Amino acid sequence: SFILIPSYFIASLSSVFIAVATSTWMLLIAGALRAVGQGAGMPSIQATAVKSLEKERRGVAVSTCFIGQDLGQFVGPIIGSYIVTQYNYEALFNSYAVMLILIALFYIFYRKFSKNEVAQRAMAKP
């Protein structure tokens, strides 16, 4: 969470920079932000998935991460092309930024809920 949550917001900021870019330096900043956001976020997601399962099922966690990435690379351009044809590229990159922020908020609430659930289960045990 310490790495993943900032990664979502940094990647979101990069998308906003691309949406409003009017010069090359803005695209360079967006590229650097994207590299930091995605470069730190993807390994964090995989590490979290691997840590969340017992040793025998860690291969399943890694495989699930790769399947999710593949699905995103399959569905993302289809949805993106629809947004571009209906609106424009600025709307595409801004909608991606909003999606990343929503995912970050979902992850924050999920972590809070799952920690409370684990604590409740621990207290319920005799």
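The model is predicted, so local features need pLDDT of at least 70 and side-chain atom pairs count only at pLDDT 80 or more, while totals for chains, interfaces and linings use all residues. Residues are numbered from 1 along each chain as its sequence is written, and side-chain values use heavy atoms, with hydrogens and water left out.

**Exercise 1. Describe how helix α2 packs against helix α3.**

Step 1. Two packed helices are described by the angle between their axes and the distance between the axes. Helices here are DSSP runs (H or I, at least four residues), numbered from the N terminus. Axes are lines fitted to C-alpha atoms over the stretch in contact, with angles from 0 to 180 degrees between N-to-C directions.

Step 2. Helix α2 covers residues 24-52 and helix α3 residues 58-86; their axes cross at roughly 145° and come within 8 Å. The crossing of α2 past α3 is right-handed (the near helix is turned clockwise from the far one by less than a right angle).

Step 3. On the α2 side, the contact (heavy atoms within 4.5 Å) is made by Met42, Ile45, Gln46, Ala49 and Val50. Helix α3 contributes Arg58, Ala61, Val62, Cys65, Phe66 and Gln69.

Step 4. Sorted by class, this α2 and α3 contact holds eight nonpolar, two polar and one charged residues. Ala, Val, Leu, Ile, Met, Phe, Trp, Tyr, Cys and Pro count as nonpolar, Asp, Glu, Lys and Arg as charged, and the others, Gly among them, as polar.

**Exercise 2. Characterise the largest pocket and the second largest pocket.**

Step 1. A pocket is an open set of points on a 1 Å grid over the protein atoms alone, where a 1.4 Å probe fits, with protein on both sides within 12 Å along at least five of seven lines; lining residues have an atom within 4 Å of a point. A volume is the space filled by probe spheres set on the points, which are joined across faces, edges and corners.

Step 2. Two or more lining residues come from each of α1 (4-20), α2, α3 and α4 (89-124), and α3 gives the most, eleven residues. The lining divides into 17 nonpolar, twelve polar and one charged.

Step 3. For the second largest pocket the volume is about 470 Å³. Among its 13 lining residues, Thr48, Ala49, Tyr107, Tyr110 and Arg111 lie nearest the centre. Here α1, α2 and α4 each give two or more residues, and the largest share, seven residues, comes from α4. This lining has eight nonpolar, three polar and two charged residues.

**Exercise 3. Which are buried, partly exposed or exposed: Ser14, Leu53 and Phe74?**

Step 1. Buried means under 20% relative accessible area, exposed over 50%, and partly exposed in between (1.4 Å probe, protein chains only).

Step 2. Ser14 belongs to helix α1 and counts as buried because its relative accessibility is 1%. Beyond neighbours within four places in sequence, Ser14 contacts Ala30, Leu33 and Arg34.

Step 3. Leu53 sits in the loop between α2 and α3; its relative accessibility is 26%, so Leu53 counts as partly exposed. Not counting residues up to four places away in sequence, Leu53 touches Arg58 and Ala61.

Step 4. Phe74, in helix α3, has 54% relative accessibility and therefore counts as exposed. Phe74 and Tyr107 lie 33 residues apart in sequence and 23 Å apart in space, C-alpha to C-alpha.
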